[in-house]
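Hello! Please open the sequence and the structure side by side, and then go through the points below with me.

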Amino acid sequence: MAAGKGSKKRSAASRDAKAPTGSSKSEEFPSTIGNIDVSSESEYASDADEEVIEGSEQNFEDVLKAMAADQGFEVGSSDDEGEDDEDEEAGSESDIHSSDIDGASSEGEDADSEEADGSDSDDELLRRTGSRSTDGQATAVDSDGDSDAEPDSPTVDSEAMQKLTIRDFGKDLASWKEYRKTLPQIEPGYASDSSTEDTPNTIGNVPISWYEDYPHIGYTIDGQRVMKPATGDELDKFLENMDNPDVFRTARDETNQRDVTISAEEIDIIRRIQGGDIPDAEYDPYEPTVEWFTSQTMKTPVTGAPLTKRGFVPSKWEHKRVMQIVRAIRSGAITSAPREKPQPRLYDVWENADAEPSEDKGRRPRMVAPRLALPTHEESYHPPEEYLPTADEQATWESTDPEDRKRAFLPRDFGALRNVPGYERFIDERFNRCLDLYLAPRMLKKKSLLNAEELMPRLPDPRDLRPFPATESLVYLGHTGRVRSISVDPTGLWLLSGSDDGSVRLWELVTGRCARIWALGETVHTVAWCPNADVCVFAAAVGSRVIVVVPTELCDDQKRTVSEDLVRSGFSTAAAEDEASDDSLPVSWDVPPSAEQATGMHISISMHKTVKSVVWHRRGDYMATLTAEEGGGSVLIHQLSKHKSQRPFRSLKGAVQSIKFHPTRPWFLVTTQRYVRIYNLMQQALIKTLQPGVKWISSVDVHPQGDNLVVGSYDKKLSWFDLDLSVKPYRSIRYHKQAIRQVSFSRKFPLFATASDDGTIQVYHGMVYQDLNQNPLIVPLKILRGHEIRNSLGVLDCLFHPIQPWLLSSGADGSIRLWT
């Protein structure tokens, strides 16, 4: 419609009355087409009471020109505005609807072309839009299958059909849908328009954790925030994974905050990389070699010309040139250039003092000058009042010699920095500092920033290593002298103890009741039960003899018969072999007197020296004794079933301190004052010599598995040896304050203990692993205190229970204590 300059008015009701009528059943486009919103019928009805002043809005001519410019038409200038007014008065008034704006309805455009008698620009615009709309209608097929175009409209070829747009169909939505089905599908790819896709992450290679507390993740090129995609809770993720068939091929891209499905080709590449293969499946690493340069020797020369004679004769001119150079060198005309002596490299010591130390090997490392201390409150031009000296302090400072003053100035308050005068001693102090840096020798010192706690080994909590003995449960009282030795029978029910009061006592271990006493009249150095559980026999070293006792009240008839046969069967064998025996051995197998036989004593082995120790072999038929004499005769091995004794060593270096049978191998351990020698009894050879590095060894014990042993010494040191590792100790421990008297391993639990003259017993956790690459674990567990110190002697012996994690100890105070 054309609008004049007057103030004509029309209502929304009049617009509805003059709107074009059509079939209400056909499917139409929505009221919004393109970028122009057209009011719908409901909006017209709601605006029935509103009046629109036509003079205040852009007229219809301007609207058509703007639309033509958008569609690419050439628009001419209007020649006569009066013709527009006549057009309006002629009754061609019509509402602006979607077909008029887009130029898509052929009927509305034909009506416009007939009624338009105004400017040439309007005729040109309507003519071009009408022809374009007619071409589009000629190929459009509505939902009923009938064509809306005139019968004589020309048919549009397939190339023209590809150029049709939604504007060519007017309000016929069904025809547009049918037409879209004939169009080829658009395959999205790298060349497709990505303006409708989500804006990717633009933050670059930065940690995604920086944007955890923000709703966005980066910015667009226009400065707009890129919002994070919505994420559901765990229940939503679970439901989504249940519906997603590719959940096992989906990975989370944290940088772009989205899920990415891995294709089959990418999975194949990942598997090839994991397997160490070439990622490209089509690459053949074994393809035949292409010989770009042949390795075959040519059989014929390049040319067939015969070789000349001068090819075999030395050059006469080269000979002359060489002789000329030789004469020049002899005459001194040609001399070699003198070698320049390397000049010393001078450099500034304080050059680049703030830089890192140089790694150049050709020069000495730079020594950084020590930095001056930072100024304190006393050096401030406006210090706090508490730093200002009083009159007495100022008088004292002035009366003190300059060399004895703590500082070379007194704090002063100048109030402002502009009132501070020049420091009169600046040049003097700077000169003295330069002299100190130049003359004072310095050295580089690397400071370690290690913490003392980091150097300590991390050990497990002792509460996690239970069970171990920690409480004193029972005390066995009765001995009047020092209890030097204790021993528990293989069943763990009975306890033997030998004391300086000349008696051997048998205790019921659980109750502490003394079941029997053997009064022997001499100091008892050692008592030891036979480790064979089939017999009930023990040996006691009393003075210079060893007594073998069978306590008949502790065993049944069968075990008593077996035990008595073991100790008595050797008398007949010894009598038959008496002539072949070695008379040089100071050993005598005797039958005790009848009074001693009544108490259960069956054998008395007499020797020339005092017997200090008795140890049993694990089978129970052999035992070894150690006497106080020096040399090879101090160690003897006795066979109980045959009453035979032998001397394994002709001579030994040093005084023997203790002896021990190996628990699993045919080895015999002999401990001297500073060394532990291990012998193979079957091969009769020395295997190795352990060097604990102590001054005086007191005791030794072997781990039940046989690969480790501990050595105690009188100089308060405990040494752990790994026999498969080295002859030097694996670990040395020094926790006792006095000499270590005894060390002992538990046969069933990973425990060992040490007894010392300081009156304490220290219990350790000693775990030995089956893995040879893992070192033993040694953890201190408990310090047991209860024994009294008598004449500088404390705990003399300690022993673990064969079945329970219990510990028994005996001391110089004459008491025996049970720790559980």
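**Notes on strands, a loop and a surface helix**

1. Let's begin with a pair of strands: β19 and β20 (residues 622-627) run antiparallel and are joined over five bridges. Strands here are DSSP runs of E with at least two residues, helices are runs of H or I with at least four, and both are numbered from the N terminus. Two strands count as paired if DSSP finds at least two bridges between them.

2. A word on the source: this is a predicted model, in which local features need pLDDT of at least 70 and side-chain atom pairs count only at pLDDT 80 or more, while totals for chains, interfaces and linings use all residues. Residues are numbered from 1 along each chain as its sequence is written, and side-chain values use heavy atoms, leaving out hydrogens and water.

3. Back to the hairpin that β19 and β20 form: five residues sit between the two strands, and Gly620 in the turn has a positive phi of about 90°. Across the pair, Val614 is opposite Thr625 in β20. Is β19 mostly buried or exposed? Strand β19 (residues 611-616) is largely enclosed by the rest of the structure, because five of its six residues are buried. Buried means under 20% relative accessible area, exposed means over 50%, and partly exposed is in between (1.4 Å probe, protein chains only).

4. Now look at β14 (residues 524-529), where five of the six residues are buried, so this strand is largely enclosed by the rest of the structure. Its partner is β15 (residues 538-542), in an antiparallel pairing over five bridges. Trp529 faces Phe538 of β15.

5. Next, find Leu585 in the loop between α16 (557-576) and β17 (587-590). Leu585 counts as buried because its relative accessibility is 12%. How far apart are the C-alpha atoms of Leu585 and Ser645? They are separated by 7.9 Å, although the two residues are 60 apart along the chain.

6. Finally, visit helix α10 (residues 234-243), which holds Asp236 and also Leu235. At 54% relative accessibility, Leu235 is classed as exposed, while Asp236, at 40% relative accessible area, is partly exposed.
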